Amino acid sequence: MTADLLDGKRVASEIRAEVADKVRQFVHGGGPQPCLTAVLVGEDPASQVYVRNKRRACEKAGINGRTLRLDAGISQQKLLETIRGLNDDPAVHGILVQLPLPTGGNGGKGFDERAILDTVAPLKDVDAFSPVNVGLLMQGRPRFLPCTPHGIVQLLHRCNLSIAGKHVVVVGRSDIVGKPMAMMLAQKNGSCGSEIANATVTIAHSRTEDLRDICKTADCLIAAVGVPEMIRGDMIREGAIVIDVGINRVGEKLVGDVAFDEAMEVASAITPVPGGVGPLTIAMLLHNTLLAAQLQLHS
Ligand code: NAP
């Protein structure tokens with residue numbers, strides 16, 4: 001078997017065009033131009049690239065993408081005050097704190113990341129990290145959906161794949177990907193209806209015993225681990241859908257968490273790295289920024 005490639009780049013550009021269209025209609029209807037402010041602390045080169053890409057994507061969608069650059073030496077208290085200022089600024093609709101925060105920041109003591117993310121106003125929390133937004137998702141009445149898992153839901157939907165009633169194994173339980181992914185797929189109704197929901201979900205992690213056997217039972221296997229190519233071909237069920245969230249730099253190359261060539265032989269469909277899940281994350285961030293502007297207009 002040779003798996004079909006799930007083209008995240010194509011689906012992301014489709015979503016970005018739809019968002020750009022909706023932004024035009026929103027502004028035409030008297031709404032303000034949506035504005036996303038990225039808070040970038042320190043000089044981490046990868047974070048600078050991510051923030052620049054997000055800003056460019058905003059511009060193309062008609063969204064005002066601002067970057068607030070702060071010195072790594074800024075104190076926790078000053079950073080919290082800055083975020084509260086953005087919360088109170090009616091011209092800012094979405095706030096994104098670029099992670100990771102520099103380890104030596106806050107005068108060498110390091111930042112309390114949780115406290116910083118908790119300070120972002122829930123209505124401006126376009127990453128959906130705040131406890132309010134996580135709680136709403138948990139209860140099946142989400143406001144913002146976290147960008148990477150939501151991108152995966154959109155990809156499955158737009159590639160006409162259904163996971164209702166199927167066994168999904170999510171490897172990884174981070175707050176950003178694994179946990180919300182599992183929660184979204186286990187709901188009765190998702191953002192793309194009941195077919196990209198209603199799954200029987202297993203969450204695996206670094207303490208999971210018999211990981212290979214568990215993965216092998218998956219109709220849909222989602223790897224969000226951060227270990228290059230750890231999911232081998234013999235861990236994948238014949239005909240499974242494989243979603244590779246991992247982005248790992250190995251030398252000059254970007255590789256996923258799945259051994260791609262081996263998986264191609266067994267899976268029925270698979271996301272490539274790069275060009276799979278990555279582009280969808282930014283597309284869903286744009287979607288959330290427009291949603292934030294719409295919600296604030298009516299709040
Ligand atoms: P993370 O916070 O480091 O979480 C990794 C998870 O994998 C943890 O739950 C960990 O288990 C589990 N794990 C680690 N080693 C394992 C092993 N040998 N067997 C089974 N489980 C194991 O990472 P993350 O933020 O979720 O990101 C995961 C990957 O996705 C990274 O490569 C990241 O760069 C990528 N990513 C991509 C996008 C995108 O847009 N495509 C977005 C976000 C992240 P424990 O909980 O037990 O430690």
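Helices and strands are DSSP runs, helices of at least four residues and strands of at least two, numbered from the N terminus. By this numbering, aspartate 210 falls in the loop between strand 6 and helix 8 (211–216). The model is predicted. The points below treat its domains, its nonpolar cores, the surroundings of its ligand, and some individual residues.

**Domains**

- The domain assignment of the chain gives two entries, domain 1 (31–122) and domain 2 (146–278).
- The centres of domain 1 and domain 2, taken over C-alpha atoms, are separated by 29 Å.

**Nonpolar cores**

- The largest nonpolar core consists of 56 residues. Within this core, the most contacts are made by Val168, Leu185, Ile222, Ile243 and Val245.
- Nine residues of this core come from helix 10 (residues 278–297), which gives the most to it.
- Both domain 1 (31–122) and domain 2 (146–278) supply at least three residues each to this core.
- Apart from this core lies another, of 20 residues, which includes Cys215, Ile231, Ile236 and Val242.
- Which residues does isoleucine 222 touch, not counting residues up to four places away in sequence? They are Val168, Val169, Val170, Val171, Met181, Leu185, Ile243 and Val245.
- Isoleucine 152 is located in helix 6 (residues 147–158). Isoleucine 152 counts as buried because its relative accessibility is 0%, and buried means under 20%.
- With neighbours within four places in sequence left aside, isoleucine 152 is in contact with Met181, Ile243, Val245 and Val277.
- Isoleucine 152 and arginine 56 are 96 residues apart in sequence, and their C-alpha atoms are 22 Å apart in space.

**Surroundings of the ligand**

- There are 21 residues around the ligand, and those that come nearest are Arg173, Ser174, Ser206, Ile247 and Thr281.
- Arginine 173 has a polar side-chain atom 2.7 Å from an oxygen atom of the ligand.
- For threonine 281, a polar side-chain atom likewise lies 2.7 Å from an oxygen atom of the ligand.
- For asparagine 248, the distance from a polar side-chain atom to an oxygen atom of the ligand is 3.5 Å.
- On its own, the ligand has 910 Å² of accessible area, of which the protein covers 68%.

**Cis peptide bonds**

- The peptide bond from leucine 99 to proline 100 is cis, its omega being near 0°. Proline 100 belongs to the loop between strand 4 (94–97) and helix 4 (113–119).
- The peptide bond from valine 273 to proline 274 is also cis, with omega near 0°. Proline 274 is placed in the loop between strand 11 (269–270) and helix 10.

**Positive phi angles**

- Asparagine 198 is a residue other than glycine, yet its phi is positive, near 60°. The loop that holds asparagine 198 runs between helix 7 (178–186) and strand 6 (200–204).
- Is asparagine 198 buried, partly exposed or exposed? Asparagine 198 counts as partly exposed because its relative accessibility is 30%.
- Aspartate 210 is not a glycine either, and its phi is positive at about 55°.
- Aspartate 210 counts as exposed because its relative accessibility is 55%, and the exposed class begins over 50%.

**Two buried residues**

- Asparagine 133 lies in helix 5 (residues 131–138). With a relative accessible area of 1%, asparagine 133 is buried.
- The side chains of asparagine 133 and aspartate 125 make a polar contact at 2.8 Å.
- Neighbours within four places in sequence aside, asparagine 133 is in contact with Pro122, Asp125, Ala128, Arg143 and Phe144.
- Alanine 224 occupies the loop between strand 7 (220–223) and strand 8 (241–244). Why does alanine 224 count as buried? The reason is its relative accessibility of 16%, since buried means under 20%.
- Alanine 224 and valine 170 are 54 residues apart in sequence, while the C-alpha to C-alpha distance is 7.3 Å.
- When neighbours within four places in sequence are left aside, alanine 224 is in contact with Val171, Gly172, Val177, Val245 and Asp257.

Methods:
Residues numbered from 1 in each chain as written. Predicted model: local features only at pLDDT ≥ 70, side-chain atom pairs only at ≥ 80, totals over all residues. Heavy atoms only, no water. Core = buried A, V, L, I, M, F, W, Y, C linked by side-chain atoms within 4.5 Å. Buried < 20%, exposed > 50% of the residue type's maximum accessible area, 1.4 Å probe, protein only. Domains from an automatic or database assignment. Contact = heavy atoms within 4.5 Å. Near = heavy atom within 4 Å. Polar contact = N/O pair within 3.5 Å; in protein donor to acceptor, adjacent residues only side chain to side chain. Areas by Shrake-Rupley, 256 points an atom, 1.4 Å probe, with all protein chains shown as cover.
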